[in-house]
Amino acid sequence: MRRKIALAVAVPGLVVTLTACGVLNGQQLGGGGQERQSGQAAQTAASGAPAEKEQAPPEKQAPPDPAASAPPQQGEVIATRDIKAGGAELKVDVTGLRRQGRLITLSWTVTNTGDTKWNMTSNMGDTAAYLGLTVAGVSLVDPANAKRYRVARTGEKGTAKCVCSEYDVSTEPGEVLPLYATYAAPPPDVQKINVEFPILGVFTDVPIS
């Protein structure tokens, strides 16, 4: 049995619709909100196969306010990793995971520390939702409660905008790329969560402030 709850979160000048869905037969659901994971997915913090999603009834949404959805300031590094991707040497620094009411915002930077251009293409986005050159593919995973949180979005599929960063196709050597994404906040008793980056890997037990 699948259960779905539509939650409209109001931020000054911005209405963000978040959908909380259950999972049938361990399948992963798309969309901006939280999803209940199967036991195996919660233990491994790995993505499952795409599955059908029941759409919540359309809701009237206010146009985004640039000030309300502006990228947060980067803070001190709370998790870091050096990796190689696409032939480039990169450093990933998570600089914040902060609650604000019913929302939580993740901020991080990617630094090209090598001498090779990093061709990012659309691998960090959600191409199925026409959000390719964004970080809409980054998710939060709460293994204790078996839930995955997707990036919040405004509008409907095809015209929706994610409450997250966009980026250029490539990053030059020495370039620092500041990025952010906003989600529905997990319960207050959740103090740490896993951050799952396409290409860049999984950061476990990232503290929430």
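Colleague: Which residues does Ser 139 touch, not counting residues up to four places away in sequence?
Modeller: This is a predicted model, in which local features need pLDDT of at least 70, side-chain atom pairs count only at pLDDT 80 or more, and totals for chains, interfaces and linings use all residues. Residues are numbered from 1 along each chain as its sequence is written, and side-chain values use heavy atoms, with hydrogens and water left out. Contact means heavy atoms within 4.5 Å. On that basis, Ser 139 touches Arg 148, Tyr 149, Arg 150, Tyr 183, Asn 194, Val 195 and Glu 196.

Colleague: Is Ser 139 buried or exposed?
Modeller: Ser 139 belongs to strand β8, residues 139–142; strands are DSSP runs of E, at least two residues, numbered from the N terminus. Buried means under 20% relative accessible area, with a 1.4 Å probe and protein chains only. Because its relative accessible area is 1%, Ser 139 is buried.

Colleague: With which side chain does the side chain of Ser 139 make a polar contact?
Modeller: A polar contact is a pair of N or O atoms within 3.5 Å; within protein, one must be able to donate a hydrogen and the other to accept it, and residues adjacent in sequence count only if both atoms are side-chain atoms. At 2.8 Å, the partner is the side chain of Arg 148.

Colleague: Which residue in β5 is the bridge partner of Arg 81?
Modeller: Strands pair if DSSP finds at least two bridges between them. β4 and β5 pair in the antiparallel sense over seven bridges. In β5, the bridge partner of Arg 81 is Val 92.

Technical notes
Helices (H or I, at least four residues) and strands (E, at least two) are DSSP runs, numbered from the N terminus. Buried means under 20% relative accessible area, exposed over 50%, partly exposed in between (1.4 Å probe, protein chains only).
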